[in-house]
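Okay, thanks for coming, everyone. I'd like to walk you through one structure today, so let's get it up on the screen.

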Amino acid sequence: MLSFCNWKIHEKPELGDKEFYACKVLCEYMEGKGFEVTREVAGLKTSFLAKFSNSKSGRRVGFASEYDALPG
């Protein structure tokens, strides 16, 4: 399914700080998978934080992503 999100984002490229469609697609996908999604992190309208917990102690994983297009 994540490849479907990639396809949707690829079909509608957006420049930096204007990735409103991509942010919406990714947030909706993560929410659908049970993640707790916080939008507009650090005052950036196209940023989000997605958290998932299985209530067990153990390892933590972090992932940062850029999803803006380059001009041209």
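I'll start with how to read the model, then go through a helix, its cysteines, the salt bridges, some backbone angles and a pocket.

First, this is a predicted model, so local features need pLDDT of at least 70 and side-chain atom pairs count only at pLDDT 80 or more, while totals for chains, interfaces and linings use all residues. Residues are numbered from 1 along each chain as its sequence is written, and side-chain values use heavy atoms, with hydrogens and water left out.

Let's begin with helix α2, which runs 20-32. When I say helix or strand, I mean DSSP runs, H or I of at least four residues for helices and E of at least two for strands, numbered from the N terminus.

Now, which residues of α2 are buried? They're Ala-22, Cys-23, Val-25, Leu-26, Cys-27, Tyr-29 and Met-30. Buried here means under 20% relative accessible area, exposed means over 50%, and partly exposed is in between, with a 1.4 Å probe and protein chains only.

Cys-23 has a relative accessible area of 6%, and Cys-27 comes in at 0%. How many disulfides does a search of the whole structure find? The count is 0. A disulfide would be a pair of cysteine sulfur atoms within 2.5 Å. The sulfur of Cys-23 is 4.0 Å from its closest cysteine sulfur, the one in Cys-27, so that's too far for a bond.

On to salt bridges: the structure holds 2. The rule is a side-chain nitrogen of Lys or Arg within 4 Å of a carboxyl oxygen of Asp or Glu. One pairs Glu-28 with Lys-24, with the closest N and O atoms 3.1 Å apart. Both residues sit in helix α2, 4 residues apart, about one turn of the helix. Glu-28 is partly exposed at 43%, and Lys-24 is partly exposed too, at 47%. Then there's Glu-31 with Arg-39, where the closest N and O atoms are 2.9 Å apart. Glu-31 is partly exposed at 36%, as is Arg-39 at 41%.

Next, a few positive phi angles. Asp-17 isn't a glycine, yet its phi is near 65°. You'll find Asp-17 in the loop between α1 and α2, and it's exposed at 59%. Ser-55, also not a glycine, has a positive phi of about 65°. Ser-55 lies in the segment after β2 and is exposed, at 71%.

Last stop, the largest pocket, with a volume of about 1,100 Å³. Of its 31 lining residues, the closest to the centre are Met-30, Phe-48, Ala-50, Phe-63 and Ala-64. α1, α2 and β2 each give two or more residues to that lining. For the method, on a 1 Å grid over the protein atoms alone, a pocket is an open set of points with protein on both sides within 12 Å along at least five of seven lines, and lining residues have an atom within 4 Å of a point. The volume is the space filled by probe spheres set on the points, which are joined across faces, edges and corners.

That's my tour, thanks!

Methods
On a 1 Å grid over the protein atoms alone, a cavity is a set of points where a 1.4 Å probe fits but cannot get out, and a pocket is an open set with protein on both sides within 12 Å along at least five of seven lines; lining residues have an atom within 4 Å of a point.
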